[in-house]
Amino acid sequence: MEFAEKLGVSDRIVSRWEGDGEQASLRMVNQAALDTLLAKADQDAQGRFVGILAADDVPTHAVIEPDDDQTSSGEYVKHPGDGKLMAQVPEGIFLSGENDDPVWVDEFYIDTFPTSNADYARFCAATQHSVPEHWENGRCPRDLYDHPVVHVTWRDADAYATWAGKSLPTAEQWEKAARGTAGRTFPWGDQKTAAKCNVRETGVERTTSVSRYHSGVSPYGVYDMVGNVWEWLATATTPGRYELRGSAFTSPLFRGAPAASNDASDMMHDDDTGFRCVATPEQMTPGKR
């Protein structure tokens with residue numbers, strides 16, 4: 001009853017959500033209220049939501065039940081280079097692009113969350129790489145540690161990937177990780193639900209924690225594949241220009257459809273552009289970075 005009061009709904013609605021579990025269907029305003037409540041919660045409460053995905057005292061593999069159209073094992077593993085959690089995407093065909101053309105992609109692993117400011121700070125400290133220009137006195141503000149790093153060029157992103165023993169994802173890898181195999185319009189399905197991500201319609205108007213939008217994860221359990229920040233890819237469009245995918249808090253929801261592409265100069269950087277990495281099965285083995 002106390003929780004329902006905070007959300008502005010009846011306790012019977014909360015009980016129904018609990019009973020429906022993962023099949024619960026929430027109105028957009030209710031989902032937005034839940035996301036807002038989580039954002040305002042203390043760090044301990046937020047940590048429990050991330051739960052076994054990031055806890056130090058759990059096994060390396062944490063299993064998430066796959067959706068009906070997902071062929072993934074749903075396993076998260078820690079990369080031996082930067083220690084970030086990664087989701088396994090098995091080999092196979094997926095429906096790609098606006099025409100849902102069948103495309104084969106070999107097995108790979110992708111970062112569960114975009115590269116955060118804390119991740120990038122470790123890279124800069126280890127390599128003496130220049131820090132993003134907006135960090136005050138060369139240090140990231142503490143309240144942005146778990147937000148995606150921004151003001152990074154494609155070259156910055158590629159340098160991080162090389163240091164970590166990974167690479168930037170190709171357009172096909174990124175799209176499969178976001179849509180699954182069956183050609184979903186968005187990571188969560190075909191519904192245009194802005195409350196499941198940080199885009200212009202959500203009204204947040206800034207980056208958010210990379211683990212905030214639990215209801216918007218992809219079929220492989222990958223966060224923020226729509227919204228928060230645009231993500232650099234390894235796929236070049238013309239010499240010196242590379243693809244970006246996923247939209248950002250500055251862009252409308254439709255721009256974030258995983259099949260929709262964007263591109264920019266490899267020297268461009270902005271407050272709504274970041275990245276995540278991928279790894280081959282061989283790169284997941286210690287000593288083979």
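Here is a short tour, stop by stop, with what to select at each one.

First, some ground rules. This is a predicted model, where local features need pLDDT of at least 70 and side-chain atom pairs count only at pLDDT 80 or more, while totals for chains, interfaces and linings use all residues. Residues are numbered from 1 along each chain as its sequence is written, and side-chain values use heavy atoms, with hydrogens and water left out.

**Stop 1: the core**

Select Tyr120, Val149, Tyr160, Leu168, Trp232 and Phe275. In the largest nonpolar core, which has 22 residues, these touch the most other members. A nonpolar core here is a set of buried Ala, Val, Leu, Ile, Met, Phe, Trp, Tyr and Cys residues joined through side-chain atoms within 4.5 Å. Buried means under 20% relative accessible area, exposed means over 50%, and partly exposed is in between, using a 1.4 Å probe and protein chains only.

Now colour helix H5 (117-127), helix H6 (154-164), strand S7 (230-238) and strand S8 (241-245): each gives this core at least two residues. H6 supplies the largest share, five residues. (Helices, H or I with at least four residues, and strands, E with at least two, are DSSP runs numbered from the N terminus.)

Zoom in on Val149. What does Val149 touch, leaving aside residues up to four places away in sequence? Its contacts (heavy atoms within 4.5 Å) include Tyr120, Pro132, Trp135 and Phe275.

**Stop 2**

Phe275 is in the loop between S10 and S11 while Tyr160 is in H6, so parts 115 residues apart in sequence are tied together.

**Stop 2: an open sheet**

Switch to cartoon view. Four strands make an open sheet in the order S9-S8-S7-S10, with mixed pairing. At the edges, strand S9 (262-265) and strand S10 (273-274) each pair on one side only. Two strands pair if DSSP finds at least two bridges between them. S7 and S10 run parallel over two bridges, and Glu231 has Gly274 in S10 as its bridge partner.

**Stop 3: a covered strand and an enclosed helix**

Find strand S6 (residues 108-111). Strand S3 (residues 85-89) runs antiparallel to S6, joined by four bridges, with Gln88 partnered by Tyr109.

Finish on helix H7 (residues 171-179). Eight of its nine residues are buried, so H7 is largely enclosed by the rest of the structure; among them are Trp174, Glu175 and Lys176. Just after H7, look for Gly180, which takes a positive phi of about 80°.
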